[in-house]
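Please open the model in your viewer and follow the stops below in order, selecting each item as it is named.

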Amino acid sequence: MKLCRYGEPGAEKPGLIDHNGDLRDLSAEVADIGREVLSDKSLDILSKLDAMELPKVEHPVRFGPCVADIGKFMCIGLNYSDHAAETGADIPDHPILFMKANSAIGGPNDDVILPRGSTRGDWEVELGVVIGTTCKYVSPEEALDYVAGYCVINDVSEREFQTGLSGQWTKGKSCDTFGPIGPWLVTRDEVGDPQDLSMHLDVNGQRMQTGNTNTMIFTVADCISHLSQLFTLHPGDVISTGTPPGVGMGMKPEAVYLKAGDVMELTIEKLGSQRQDVRIDE
C-alpha cells in the first residue's frame, strides 16, 4: 500500500494511492496516518479495503509529510562508502547517529527555505524507514519485522552550521523545512528488499546524485538493531539512513551549494519523487 497525507499544513487528511495512481480519501477509516495505524494488524485491516470504493480526491493537492506526529527523527551519517570517501571521512565502525529536529519536517514538495546567514546549503537523497511496532534489543535478523514502511527523505543540510559552529551536526540539519518526507509511506510488503533500491537527485535538471541502497555500509536492519540497543524505537519513529555520493560539498574542483531559485528533484525506486523550490528566509 501507498499511504499519504494531503491538504494544507496542519490540516492534512489521510489518503491512499490506488493501483491507478489516483488519490483516495481515508478519512472515514482512520483519523490520520499516525502511530496508531502503523502496526501490522492495523495495516492489514487497511489493505483489505476496496480502494476503488473510497472517495476519489481530484488533483492537484498538496502532499504533507506521509506520517503524522513523528516521534524521533533519527539520521545515520556517512552510511555509504563512496559518500564517506568524497567527504574525506573514514569508514565508521558503528552507525553514526544524529537527530533532526521535528520542526524541520515538511511535505515532499514544500519549499526549502535557507535560513538567514546560510552560505552552504546542501542536498541529500535518503531512504527513510518508519517504525511500526515498538522494539528494543532486536537482532538484525528480526529488525525488518518492526518496519511499517519506507519513504523518500531529503536530508537538507547547512554545512557551515553543521561543521563551522561548535557542537553537533544537528545545528546544520535541523533548520526549518530541512526535512521533506514523502510523498507517501510504502508498506514493507510492497517494497521488498530495502537493500536494492536505486535513487537519484537533480538540481536544476542536472543529475547530482546517483546511487543504490546496496552500497550502504550498515543495512537498514543493522541500523534498526543498533539503535534498538541504545533506546526503544516506537511506532512513528523515522530513521533516515544516509546518502550516496554527489552532495554539493563533495563536488570537484570546488563545492556547489544551494541558492535561491534552485530546484531539487529526487526519486527513490518504488517510493516516489519529491520536488522542492529553494528560497531564502527573509
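**The whole chain**

Begin with the chain in cartoon view, where the secondary structure comprises seven helices and 19 strands, taken as DSSP runs (H or I of at least four residues for helices, E of at least two for strands) and numbered from the N terminus. The radius of gyration is 18 Å, close to the 19 Å that the globule rule gives for 282 residues, so the chain is as compact as a globular protein of that length; the radius is taken over C-alpha atoms, and the rule is 2.2 Å times the number of residues to the power 0.38. This is a predicted model, in which local features need pLDDT of at least 70 and side-chain atom pairs count only at pLDDT 80 or more, while totals for chains, interfaces and linings use all residues. Residues are numbered from 1 along each chain as its sequence is written, and side-chain values use heavy atoms, with hydrogens and water left out.

Keep the C-alpha trace in view: along its principal axes it spans about 55 × 45 × 30 Å.

**The open sheet**

Next, select the open sheet of 10 strands, which has mixed pairing and runs in the order β4-β3-β2-β1-β14-β11-β10-β17-β5-β6; two strands pair if DSSP finds at least two bridges between them. At its edges stand β4 (56-57) and β6 (96-99), each with a single partner strand, so one side of each is left without a neighbour in the sheet.

Then select residues 125-131 (β10) and 147-154 (β11), which pair in the antiparallel sense over seven bridges. Finish on Gly 128, which stands opposite Cys 151 in β11.
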